[in-house]
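Subject: Structure for you to look at

Dear colleague,

I am handing over the structure below, with some notes on what was found in it. Please read them with the model open beside you.

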Amino acid sequence: VACGAGGGTSDVQWCFSQVKGAIDDDVAEADIISTVEFNHSGELLATGDKGGRVVIFQQEPESKNQPQCRGEYNVYSTFQSHEPEFDYLKSLEIEEKINKIRWLPQKNAAQFLLSTNDKTIKLWKISERDKRPEGYNLKEEDGRYRDLNTVTTLRVPVFRPMDLMVEASPRRVFANAHTYHVNSISVNSDCETYLSADDLRINLWNLEITDRSFNIVDIKPTNMEELTEVITAVEFHPNQCNTFVYSSSKGTIRLCDMRASALCDKHAKQFEEPEDPNNRSFFSEIISSISDVKFSHSGRYMMTRDYLSVKIWDLNMESRPVETYQVHEYLRSKLCSLYENDCIFDKFECCWNGNDSVVMTGSYNNFFRMFDRGYRQDVTLEASRENSKPRSVLKPRKVSTGGKRKKDEISVDSLDFNKKILHTAWHPLDNIIAVATTNNLYIFQEKLN
Amino acid sequence: MEVNVEARRILAVSISKLYASRTQRGGLRLHRSLLLSMVMRSARDIYHSSRETEGQTSEEPMETSSKEGCDSEITEDKENMSPTKQSRKRRGKASAAPDFLPSKRARLEPGEERYAAPMGSWRFDPPPTHIAHQGADLHQRSRDRGITGTMVQALRSI
């Protein structure tokens with residue numbers, strides 16, 4: 001029974017902590033959040049948006065005055081990661097939207113992260129500067145060179161403290177390796193290599209080498225007319241540096257071992273659940289497409305998200321998942337409308353808590369769901385400005401599926417499908433979560449007594 | 001009838017989505033196009049097979065005796081079917097191109113009908129009563145066969 005940090009939902013009450021972003025209802029497209037990621041210590045929280053910007057928040061150290069509160073997250077660094085580009089050969093614009101951010105484990109004072117748009121991956125170094133040299137012999141303080149006739153003494157510059165400045169600089173640019181749209185990146189536990197995946201291919205990179213990458217998976221058919229599935233996500237195993245998985249639009253996950261051969265077209269394991277014939281519909285294929293795959297921290301399990309459910313797989317069993325959680329089963333009868341309004345194509349992500357006892361994913365109406373694997377409980381919470389009084393406890397929400405709607409329940413037809421939570425992240429060590437609505441980032445914390 | 005209307009509506013919606021996706025920023029998304037094409041294929045299969053059933057039902061008195069023969073003949077290529085039988089199925093509403101398809105789609109000239117095989121050969125399945133109960137057959141076909149027609153044109157441009 002897990003308690004304390006990463007405890008089950010039966011122990012934990014969630015409180016509003018902070019919300020970042022504009023209050024306007026009129027959302028600027030560039031401000032739409034497209035990815036959210038904590039770093040390995042949880043001290044830093046990065047977001048990427050459609051405008052190609054990365055914003056990093058840093059947690060303030062816990063204050064002795066308020067031991068009940070974990071530190072707040074404040075803006076640490078903001079930079080433009082990607083700009084829109086134009087592919088002249090294909091007459092196509094390349095969007096600057098940040099599809100994924102992945103942090104590298106910290107090795108020295110600086111922090112490193114990988115950010116990617118549809119075509120190009122970049123390695124960014126984020127470093128602090130809190131001292132600067134002053135007292136140059138030949139230069140004025142503003143940098144202009146002094147008239148040599150006025151220089152009569154010799155002095156050596158010394159470092160003096162200055163206001164903290166956080167600088168982000170691009171250290172590597174990994175370009176021109178993907179014909180199709182990059183959907184995910186994953187850093188290896190060896191901290192030397194990483195994977196990038198597009199619809200049909202997966203490339204292995206060395207973090208130091210930008211002018212070439214090694215293609216290790218290629219599912220492009222010789223005749224594109226025979227295309228039946230695409231790659232939707234890829235992830236390295238958290239501690240086995242030779243193992244990775246990739247998910248497909250057909251609902252399968254393939255595990256590959258890089259020791260077996262240089263090209264990993266043949267999988268070592270294939271995870272697939274046979275489809276329930278009772279649930280057949282026009283849209284069966286769309287809703288079985290996997291939008292996210294995440295290993296547990298332990299490396300024993302992996303979680304997949306498809307349109308209606310979250311599934312937990314034991315790596316030792318390929319035939320079916322060990323656990324299945326319905327996120328919003330009431331949408332199954334609405335698939336046709338969701339197809340018409342494009343919502344059926346939404347790609348929801350999912351995440352584990354620190355000790356793998358709880359999983360979380362988003363839904364519509366700014367609802368997000370948590371599933372406690374141990375207690376077999378689930379809860380629906382809402383990220384909204386109405387519940388944004390500091391430290392106010394979030395009340396569980398309920399969607400009424402039957403004819404009778406109880407008080408405080410919301411009916412399926414009243415759900416706002418424009419308010420979707422696609423990206424969520426869980427602090428690796430504490431019960432702090434980051435939930436992205438369209439253009440706002442909500443931070444919730446466990447209520448501490 | 002309802003099935004046919006639903007399939008036709010989904011086909012129309014799908015085609016408009018496919019055309020709209022050509023102009024969106026970032027270019028055609030392969031994943032989305034693939035999913036759209038799968039839905040379109042299912043809808044098209046249902047649409048065509050329900051129209052075939054309509055044609056079948058209206059001519060039943062004349063065809064019941066030869067239905068056994070029909071099955072095996074239809075699995076052969078259509079060129080070997082007698083033109084008169086073929087033209088009976090295709091006259092009237094069935095011969096006009098569906099109005100939701102773009103006007104540039106190739107139309108069947110009267111003399112070319114017997115070479116027409118919109119989806120290759122298929123067995124005569126019992127008429128579908130509801131989209132949800134199509135059974136494995138249609139979906140299995142759509143899973144096995146690749147993308148054809150307008151989708152190929154769209155995807156070749158990638």
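B:Arg32 counts as buried because its relative accessibility is 17%, where buried means under 20% relative accessible area, exposed over 50%, and partly exposed in between, with a 1.4 Å probe and protein chains only. Leaving aside neighbours within four places in sequence, B:Arg32 is in contact with A:Asp342 and A:Phe345 from chain A, and with B:Lys17, B:Ser21 and B:Gln24 from chain B; contact here means heavy atoms within 4.5 Å.

Before going further, please note that this is a predicted model, in which local features need pLDDT of at least 70 and side-chain atom pairs count only at pLDDT 80 or more, whereas totals for chains, interfaces and linings use all residues. Residues are numbered from 1 along each chain as its sequence is written, chains are lettered from A and ligands numbered from 1 in the order in which they are written, and side-chain values use heavy atoms, with hydrogens and water left out.

Chain B has 7 helices and 0 strands, and 43% of its 158 residues count as buried. Among its contacts between residues at least 6 apart in sequence, 76% join residues at least 24 apart.

Turning to the interface, the contact takes 34 residues from chain B and 35 residues from chain A. The area buried between the two chains is about 3,400 Å², with carbon and sulfur atoms giving 59% of it; buried area is the accessible area (1.4 Å probe) that two parts lose on being put together, summed over both.

Across this interface the rule finds 7 salt bridges, each being a side-chain nitrogen of Lys or Arg within 4 Å of a carboxyl oxygen of Asp or Glu. In one such salt bridge, the side chains of A:Glu96 and B:Arg25 meet at 2.8 Å, N to O.

With kind regards

Terms used. Helices (H or I, at least four residues) and strands (E, at least two) are DSSP runs, numbered from the N terminus.
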